[in-house]
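Okay, thanks everyone, I'll keep this short. Let me put the structure up and we can walk through it together.

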Amino acid sequence: MSRSVLVTGGNRGIGLAIARAFAEHGEKVAFTYRSGEPPQDLVARGCLPVKCDITDPEQVEQAYKEIEERHGNVEVLVANAGINRDGLILRMSDDDFTSVLDTNLTGTFRVVKRASKGMLRARTGRIVLISSVVGLLGSPGQVNYAASKAGLVGFARSLARELGSRNITCNVVAPGWVDTDMSRAVSEQRLAESLAQVPLGRAANPEEIAGVVRFLVSDDAAYITGAVIPVDGGLGMGH
Ligand code: NDP
């Protein structure tokens, strides 16, 4: 299968692993990056790097135009780009809160809305949103991040109901700790305490998230929509 796939935030971390996994399996991959150089291995494989900050509607529109010209309408969208700005609530500024919401939730809205256009026309499409176990469990110091990630669940389930009759699925992947820049930024002590709560006793590697994303957009998952799939080593069990 060679579908037009877009992965946001595909230049590092989980998004990079997802983009690589799709490229290895012969899909036509486009990925967004914001600054610096796109990963050369993806470029060498023929993947299309698209510079785009998902907080800017014009950049999102421009990115889609570029992708549509080169790869046609996006058939598989993985909305992965995200940030955190942690802090206890009394110290959290309005900007800390709104910038996380604007990237993780509104940014996802922008890219999903634009992809839906072509998917509705084609009467088929696959959308995966990368949330977090934190959206379901909560986490001290992360009210902004948790709210944004919980919001993605309501978003996905509404979209699943709205677009299901057109054979468009929308699912959520909720990772626990994954070994990337984002998790490496927390203190060693906090990471060790958190990993002690994980039944599997370790963080995931990004490829373990990519495998589940690929499954969700495969034919084997054609009857799965509105699902929240935990990939968290058991950390969030019961939610
Ligand atoms: P990283 O910090 O390693 O990478 C984040 C990615 O998102 C980068 O590619 C970054 O681009 C991109 N990005 C951030 N803001 C924007 C923006 N405004 N516009 C476009 N791209 C943007 O994080 P991870 O790979 O760890 O995280 C990926 C996703 O997985 C996130 O949504 C995160 O919340 C989620 N997640 C991560 C977990 C973890 O433990 N690592 C656990 C659970 C969920 P750039 O390089 O330009 O900054």
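So, let's start in the middle. The largest nonpolar core has 65 residues, and the ones touching the most other members are Ile18, Ala19 and Leu77. Helix α1 is the biggest contributor to that core, giving eight residues. Before I go on, a reminder that this is a predicted model. As background, in soluble globular proteins nonpolar side chains tend to be buried together.

Valine 7 has valine 78 in β4 as its bridge partner, and the two strands involved, β1 at residues 4-7 and β4, pair in the parallel sense over three bridges.

Now the faces. In a regular strand the side chains alternate between the two faces of the sheet. So what covers strand β4, residues 76-79, on each side? Val76 and Val78 sit on one side, Leu77 and Ala79 on the other, and all of them are buried, so both faces are covered. Strand β1 looks like this: Ser4 and Leu6 point one way, Val5 and Val7 point the other way, and all are buried. β1 also pairs with β2, in the parallel sense, over four bridges, and leucine 6 stands opposite alanine 30 in β2.

On to the ligand. There are 30 residues around the ligand, and the ones that come nearest are Gly9, Gly13, Arg34, Gly82 and Thr180. Elements giving two or more residues to that shell are α1 (13-24), β2 (28-33), α4 (94-122) and α7 (181-184). What does the shell around the ligand look like by class? Eleven nonpolar, 15 polar and four charged residues.

What about annotations? UniProt, in an unreviewed entry, places "domain: Ketoreductase" at residues 3-180. Over that stretch, residues 3-180, the chain is 49% helix and 18% strand, with the end C-alpha atoms 27 Å apart. The unreviewed UniProt entry also has an "active site" annotation, and that one covers Tyr145.

Tyrosine 145 is in helix α6, residues 143-163. Is tyrosine 145 buried or exposed? Buried, because there are 24 other C-beta atoms within 10 Å, and the cut-off for that call is 20 or more. Leaving aside neighbours within four places in sequence, tyrosine 145 is in contact with Asn84, Asp86, Val100 and Val134.

Last stop, leucine 137, which belongs to helix α5, residues 133-137. Leucine 137 has 18 other C-beta atoms within 10 Å, so the label there is partly exposed. Where does leucine 137 stand relative to methionine 237? They are 100 residues apart in sequence, yet 9.5 Å apart in space, C-alpha to C-alpha. If you again leave out residues up to four places away in sequence, leucine 137 touches Gly236 and His239.

Note on methods: Residues numbered from 1 in each chain as written. Predicted model: local features only at pLDDT ≥ 70, side-chain atom pairs only at ≥ 80, totals over all residues. Near = placed C-beta within 6 Å. Nonpolar A, V, L, I, M, F, W, Y, C, P; charged D, E, K, R; others polar. UniProt positions renumbered as here; feature names shortened; annotations may be inferred. Core = buried A, V, L, I, M, F, W, Y, C linked by C-beta atoms within 7 Å. Buried ≥ 20, exposed ≤ 12 C-beta atoms within 10 Å, placed from the backbone. Pairing = 2+ DSSP bridges. Contact = placed C-beta atoms within 7 Å.
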